[in-house]
Amino acid sequence: MVPTKAVLTAANPAEQHLPLQTITDANGETKTALQIILEDLFAAGLESVAIVIAPGSEEAYLRAAGPHADKLVFIEQATPKGYGHAVWLARDYVGSNPFVLLVGDHLYLSHSGISCVSQLVEMAKQHDTCVSAVQPTHESQLHLYGTVGVTRIPGDKTASEINTIIEKPTPTRAEQDLIVPGLRHGNYLCFFGIHVLHGKVMELLDQQLSSLADNETLGLTPTLAELANSERYLAIELDGTRFNLGERYGLLRAQIALGLAGPHRDEILTSLIELLAAKK
Amino acid sequence: MDSKLIAIIQAEDPARRDTALKLACQELSLDDLLSECALLDEFRRKEDNLYPRVRALFFLYAIHRYHLPPKLSDSQIGRIPFAGYELLLKRRFQEAIDTFLGAMADEGPGDALSSALASAYHQLAFQTLADQVRKSVRTVRGNQWMFRMGHPDDQPLRIRKELLATSTDGAHPILRERTPVRMDLSHSGWSDIFFLGMDFPEGAKVLNVSVDLGVHGRDDNTRPPVEAYLRIIDEPVIRLTSVDLKATATIDSLGEVFDFAKDYLGLLKAAVIAAGVVPPGIEGSGKDLSTLLNRLVGEGKGIELVSSVNDIPKGSRLAVSTNLLAALIGALMRATGQTESLTGPLLENERRIVLARAILGEWIGGSGGGWQDSGGVWPGIKLITGQPATETDPEHGISRGRLMPSHHVFDESEIPASARQALQDSLVLVHGGMAQNVGPILEMVTEKYLLRSASEWTGRQEALALLDDLITALKQGDIKALGDATTRNFYGPIQTIIPWATNLFTETLIAQAREHFGEDFWGFWMLGGMSGGGMGFIFAPHRKAEAQEKMQEIMTAAKARFNHALPFAMEPVVYDFSINPHGTSADLPGPESLPASYHQIHGETNPPDSTDDTQSKDDGSSLKDLLRDNGFDELLHEEVRRDLLSGRIGLAQNRLPVSAVIEDVHPEDIVDLSQLHPADEDPAWIDVTKRGVAALVGGEIAVVSLAAGAGSRWTGGAGTCKALNPFAPLDGSYRTFIETHLAKSRKTGHAAGTPIPHLFTTSYLTHEPTAAFLDAADNYNYPGPLLLSRGQSVGLRMVPTERDLRFAWEETAQQQLDEQQQKVKESLHTALIGWSKSTGEASDYTNNLPLQCLHPVGHFFEIPNLLLNGTLRGLLTERPQLKTLLLHNIDTLGANVDPTLLGLHLDSGKALTFEVITRRLEDRGGGLARVDGHPRLVEGLAMPREDAEFKLSYYNSMTTWIDIDQLLSIFSLTREDILAHDLEKISTGIHAIAARLPTYLTLKEVKKRWGHGQEDVFPVTQFEKLWGDMTIFPDVDCGFVVVPRLRGQQLKDPAQLDAWLRDGSADYIRSLCSWS
């Protein structure tokens, strides 16, 4: 499974400004968050990216995309009907092809020199199946993420077969259904925000949408859970960290992490120490 | 050496593994037993697996309790090291055992040491079991995270957004959880006790039915009796309200959530904790509740939780409180997204988590039942069974079964609707009103299971077979066969395993139901742990309506008859019931759904002791009248109060000076008759016995049984007459203490050919009931004079001082409880100290039934009362030859007019001869000592140091042989003064002696009943003068005789009964009695 397309969702009205934030990357160059995400995607071999946006924000995104603007397709989500619905809007763009799916309000920092997107795309190729990046997450954060129950693949340190997916479970439920051998007590595998999926997901979303009431929104997790029930679907523990730009000090944390990951590490550390040493 | 007993424990072959310990020990000599004990002790220390370890502990307990003592010689007593006793109190059982074993290695085996070892092994066994249950509860998946969460910022739960919505008036919606209660058609010999289920999962089976209830004649319809309401409030607090207990509290600190006994809301607090809202892991973190609520509910918001059980009385044996806990946990779990849906029934895995959380909540709250108690969470009729522990269970490798059972809910293809209807059409469900403590029964069941006592083990197998009969009958809708099976269960396995599951009240109800309804009475059915409270009577359907009315009448009459003899918590009630097909279920009913009394409660304040409204004026006599009629001395009372407040008297002041030298008595201070043989077998005592027989034949002796008290320990301060309690079946009938004492005098008198006069001393509390009871029983046809001697004085109880409460709880050695129970106890102590201060230290205790406010002034006065009230004059007039009185406590069942002891007393020429017995661990409260060189009895209250008592070899049984003339001379009186009934002279003589006796201040527990079967226990202060202190006078010639333990031991607590029946005590008493 070799994806050539990606879908980036950025239509949530509360979070649509996040990819447009300016940030200094690991090399000290100032870019938008969107630019950093797109660089990772194209470096991973993808050819084009569809961004699902709120109506009227295309121009801002085009500006923020910088040199990558010509490889972008914009799809507007007229009414916010959930993450699943936003993905479904890209069905015509995706067709029956495999695609990378990620959210626009997160940045991903690899610890291995290979970007998180590249790591995941490589895994999809290697296993020839849908894959989702996951990360061990403390139970106090479960209310924020889709969480998976898996079976470890013997001999494979990063890939596991997904059995169960529950959106934002309580630890009560997680302890019963989502315990993963090898993780520390109270930690579970939660979605990292990057997936490599194929066109069947769009079919499943289509079915889900047909039974959706007017006032309901569609998440992606039920569809992924169905996918896990119907075919081999892997969770991949990536060597990287995700940063949610939308949470309090999320952008700051991402910025510090990026700064420490590059050649200007000493400069950032010195600044941090000075800040820490300064009197209140 | 190979151990025969370890081989039994480890046997693969079930037949060998199930060998009864008694059988295995039969052939073993003292040395064999001691070797077995050493090997067993070594074995249990090394063994990791729970079952062999615990079984070895129970073997050790039983050997030291039952099998070693009869094989020890008279001289093998062994003194209990105080250090070991202190370790026992602190629950450091292992170290206590090591200390006792060390003493045994030094001094050799002994009866006293064995009693201490038995107690230590017994407690360690139960502690081991409790620890395992606790560990299992914590490791149930779904519960574990709550013990890891220690900081508010880690709270992973969030309130469901539906509950945060507001209506136009700003109010949030109300979530209501409605839960039926459960009744068990069979528990297969208490097989749902956690440990039984975890060790013998194949035998753990319960047929359990969820029912809606109404009180017959009060409620129009049946409904799920248990309700929990939850809503979000705009204040960062947790507000708890119990509608039935009329209590509410607004909690704004984490510490208060864990303070269970502060108010009546402990169950609601346990639910808040067990549901993960305030997880147990956060206790003691020092964090703010508001921070936690901020994360859970939102800024400035909190939770309100309301409970209601529709006034269903406590103690119904329908697991109302466990199902209420489950309902509260269910509502809280739904509200915090721990269930799939906010409303409707629960999914199976959610029910299981509610069950696990209810078990956890009960442990947190310091209580505990069996695993079937949350049965109301499931729908309809179900079979709950124990499950073997598999590799995925935390119990795997530790116990054979796992903590959590499985539930099979019968569908209509298995038990058709017609059969369910037939059950409803025939069963009359009642609450008999008795207050019952099931705790000791559950311990006895566990112990007997582990010892595989032969008949009980067979009973257990029969109970399992009977369960199949019950299920078959139910499936066929054959309720007559069902009634037959439940009755066979009650009279067969249940009573084989625990004879104390029944009582005279229950037997009376069954007999009268049978008498009235004949063939149409199809059977009796015991609910829960024991009978007397919740029970079922099964009738032919065409007579059910009539039976509901009649059973009410029968129960009310029987309660009136036994009201003073048995502890009742409430008036009996009959229920209406229907099978609930849904189990627990929730809805969002709207603001008007809260119970009406919720609003009343929130218009009032609720101090902890606010239950006056439920206290009627009792039997018509006011406290004032009672005081006046019973010789209350107001001047003395005020003097005691002044002394109490000024600190001149108090618990600490009861003690002898620290400088007093307390030593064990010397051999010359006692006569040892601890192995009393019939005179014809022991020539040394032939002459003495002859002298006693002659006195008996000559009518020179009368018996005085002290029956003025309530026996606080016997009924937990319930205020019944202990003497009238039908405590045990002996030779086919339930016998009261009074009847048993009379039966002994009857037999002795008959043998002598001269009936013995028998006196019972009574008090304000016991006189009328005793007189009425004896009248109704036609004096048990006692052939001799039977007299009651009414008490002549009474005291008024006082609210204790903080100083005395602290002395009792903090400065004297106290039995520490299991971790969680200890927390609850300490919380209760704080609340009670607060009660004492707010009510007024040393103020009169009047906030209870008048009779519960009075107290007897000590058994010293019982003999003087005979002089004052003319009883002795009557006796001396009737038989001038009377020379001796035998005085004994109501609970010293072995005391009788033994001719050898009588002869010995007469020969000695002593004024008073006191009987003492060798001491065991449980014999606390003083003993025979040399105090500054003078042999005398010392009360436990007077011991200057707690360890002093442990140096004493002998315990005071209180049984006293009294030479009447010498006694009168102590009071400066003569027979002539008594016969002339010179009251002034008699009073003066008595007062002169009483003034020289110490006055002890004591704390007693008194029950206060309120609401629907609710009971609170309060410590109250009273004072007393004690008979044993007659030995302090140098001019009173006292003798001390060591008698066999079976003669001198006292039956103070119903929990002793089972051992009493098994260790030969009951047989010994039987041998002394003639019932007709």
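Reader: Which residue is the bridge partner of B:Asp184 in β3(B)?

Author: In β3(B), B:Asp184 has B:Asn208 as its bridge partner. This is a predicted model, in which local features need pLDDT of at least 70, side-chain atom pairs count only at pLDDT 80 or more, and totals for chains, interfaces and linings use all residues. Residues are numbered from 1 along each chain as its sequence is written, while chains are lettered from A and ligands numbered from 1 in the order in which they are written.

Reader: Which strand pairs with β3(B) over the bridges that include that one, and in what sense?

Author: Strand β2 of chain B (residues 181-186) pairs with β3(B) in the antiparallel sense, over 5 bridges. Two strands pair if DSSP finds at least two bridges between them. Strands are DSSP runs of E of at least two residues, helices are runs of H or I of at least four, and both are numbered from the N terminus.

Reader: What is the bridge partner of B:Asn208 in β9(B)?

Author: There, B:Asn208 has B:Lys382 as its bridge partner. Strand β9 (residues 381-385) of chain B is antiparallel to β3(B), with 5 bridges between them.

Reader: And what about β14(B): over how many bridges does β3(B) pair with it?

Author: β3(B) pairs with strand β14 (residues 573-579) of chain B over 5 bridges, in the antiparallel sense. Within β14(B), B:Phe577 stands opposite B:Leu213.

Reader: How many residues of β3(B) are buried?

Author: Of the 11 residues of β3(B) (residues 205-215), 9 are buried, so the strand is largely enclosed by the rest of the structure. A residue is buried if 20 or more other C-beta atoms lie within 10 Å of its own, exposed if 12 or fewer, and partly exposed in between, with C-beta atoms placed from the backbone.

Reader: Turning to helices, how many residues of α13(B) are buried?

Author: In helix α13 (residues 266-274) of chain B, 9 of the 9 residues are buried, so this helix is largely enclosed by the rest of the structure. Among them are B:Lys269, B:Val272 and B:Ile273.

Reader: What covers the buried residues of α13(B)?

Author: The cover includes β5 (238-242), α12 (254-257), β7, α15 and α16 (348-364) of chain B. After α13(B) comes B:Gly276, whose phi is positive, near 90°.

Reader: Which residue is found in the loop between β7 and α15 of chain B?

Author: B:Ala319 is found in that loop, between β7 (302-308) and α15 (320-335). B:Ala319 has 27 C-beta neighbours inside 10 Å and therefore counts as buried. Its C-alpha atom is separated by 7.4 Å from that of B:Ser374, 55 residues apart along the chain.

Reader: At what angle do α6(B) and α7(B) pack?

Author: Helices α6 (residues 82-89) and α7 (residues 93-107) of chain B pack at about 165°, with their axes 8 Å apart. Axes are lines fitted to C-alpha atoms, for helices over the stretch in contact, and angles run from 0 to 180 degrees between N-to-C directions. The two helices are therefore roughly antiparallel to each other (angles over 145 degrees count as roughly antiparallel, under 35 as roughly parallel, 65 to 115 as roughly perpendicular and the rest as oblique).

Reader: Which residues make the contact?

Author: From α6(B) they are B:Ala83, B:Gly84, B:Leu87 and B:Leu88, and from α7(B) they are B:Phe93, B:Glu95, B:Ala96, B:Thr99 and B:Phe100. Residues are in contact if their C-beta atoms, placed from the backbone, lie within 7 Å. The contact residues divide into 6 nonpolar, 2 polar and 1 charged. Ala, Val, Leu, Ile, Met, Phe, Trp, Tyr, Cys and Pro count as nonpolar, Asp, Glu, Lys and Arg as charged, and the others, Gly among them, as polar.

Reader: How many residues of chain A are in contact with chain B?

Author: 12 residues of chain A are in contact with 16 residues of chain B. On the chain A side, they divide into 2 nonpolar, 7 polar and 3 charged.

Reader: One more residue: is B:Thr871 buried or exposed?

Author: B:Thr871 counts as buried because 20 C-beta neighbours lie inside 10 Å. B:Thr871 lies in helix α34 (residues 871-878) of chain B. Leaving aside neighbours within four places in sequence, its contacts are B:Leu759, B:Leu787, B:Ser789 and B:Leu866. The C-alpha atoms of B:Thr871 and B:Ser789 are separated by 6.2 Å, although the residues are 82 apart along the chain.

Notes: Contact = placed C-beta atoms within 7 Å.
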